[in-house]
Amino acid sequence: MVDIDPQMQVILERARALNRPPRRTVTVTQSRADSVEGNKVWNEDPPEVARIEDILVDGANEKRRLRLYMKEGLDEPAPTLLYLHGGGWVLCSPDTHDALCRRLALAGGFAVASLDYGLAPEHPFPEPVEDCIAASRWVADHGLDIGLDASRMAIAGDSAGANLSLATMMGLRDRGTQLFAAGALIYGMYDDDLTTESHKAFGDGFYLTTDDILWFWEQYIPDPANRHHPLAAPIHGELHDLPPLYISAAGLDPLKNDSDKLVAKLAAAGVEFDYQVWPGVTHACLMMSRMLDRADGFIAEIADFVDRRLIDEADG
């Protein structure tokens, strides 16, 4: 019997009652529209943040939107968290993750900068990774102009955003630089293996399905032979010389074993990390503060880790 948080159970029952068709039976455009509609509930009545501003930054081939969040009283230039939203490289944007980024900005002593990277299939791998690398470099070069201290910068993301966060750190490392003092990787997709025990246990009926994940991979990298590139599936890459990492997994997530495998490889590579498994909740739980009380606790965990790495250790 699955041990599930009672509030999570209510959320799951409401999601199941919508009876949405499988993603592969509708167009990408319709899937995106369904995602926007489905995420509206998590962005209703968002908390107030003193400064929210959209700016344009460099991407791989074109300018990309970066949404900046700063709470009242935050001294500038501020420590910075570059945030990469989830959505399987296909869905979502800074708009769908707006309330989450507001809560992160309020929970920590840093600014949050949420990147609108290019989405597949229009922008397949490696373009989203290159967007994130280019935007990271833009913030490093121009952050002071918009109140950001790029010498104290972390990167974070959920799901596909966690994949992109790790790939960005790896890509920068391989090109001879590392701009981030820390990373936070939240229930990430790190491998295209859909046969793990967590896929078998939670791949149907627990918010995110195994078939969803396969569809996301098909949009991002249509040829399965190319899905083991280290910046596409970081579990197949070299994980040495990375900054300290916070890694979380949802207990009822088909992707949980991705995080288990990742931390085993990080340990072997000598990378410092803090691994937290959140029992009784599903994928995307970080978004659910309006109905899931524990979500704010998860956000506080992440903010505390970033604060310690960007503020406490820098001051110490």
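Which residues have the most contacts inside the largest nonpolar core?

Reply: Those with the most contacts there are Leu115, Leu185, Tyr220 and Leu262, in a core of 63 residues. A nonpolar core here is a set of buried Ala, Val, Leu, Ile, Met, Phe, Trp, Tyr and Cys residues joined through side-chain atoms within 4.5 Å, and buried means under 20% relative accessible area (1.4 Å probe, protein chains only). Bear in mind that this is a predicted model: local features need pLDDT of at least 70, side-chain atom pairs count only at pLDDT 80 or more, and totals for chains, interfaces and linings use all residues. Residues are numbered from 1 along each chain as its sequence is written, and side-chain values use heavy atoms, with hydrogens and water left out.

The largest share of this core, eight residues, comes from helix α5 (residues 160-174); helices are DSSP runs of H or I, at least four residues, and strands are runs of E, at least two, numbered from the N terminus. Now take Leu185: leaving aside residues up to four places away in sequence, its contacts (heavy atoms within 4.5 Å) include Ala162, Leu166, Met169 and Leu262.

Tyr220 brings us to helix α7 (residues 210-220), which is largely enclosed by the rest of the structure because eight of its eleven residues are buried. Besides Tyr220, the buried ones include Trp215, Phe216 and Trp217. Among the elements covering the buried residues of α7 are α2 (28-39), α4 (127-142) and, once again, α5.

Notes
Buried < 20%, exposed > 50% of the residue type's maximum accessible area, 1.4 Å probe, protein only.
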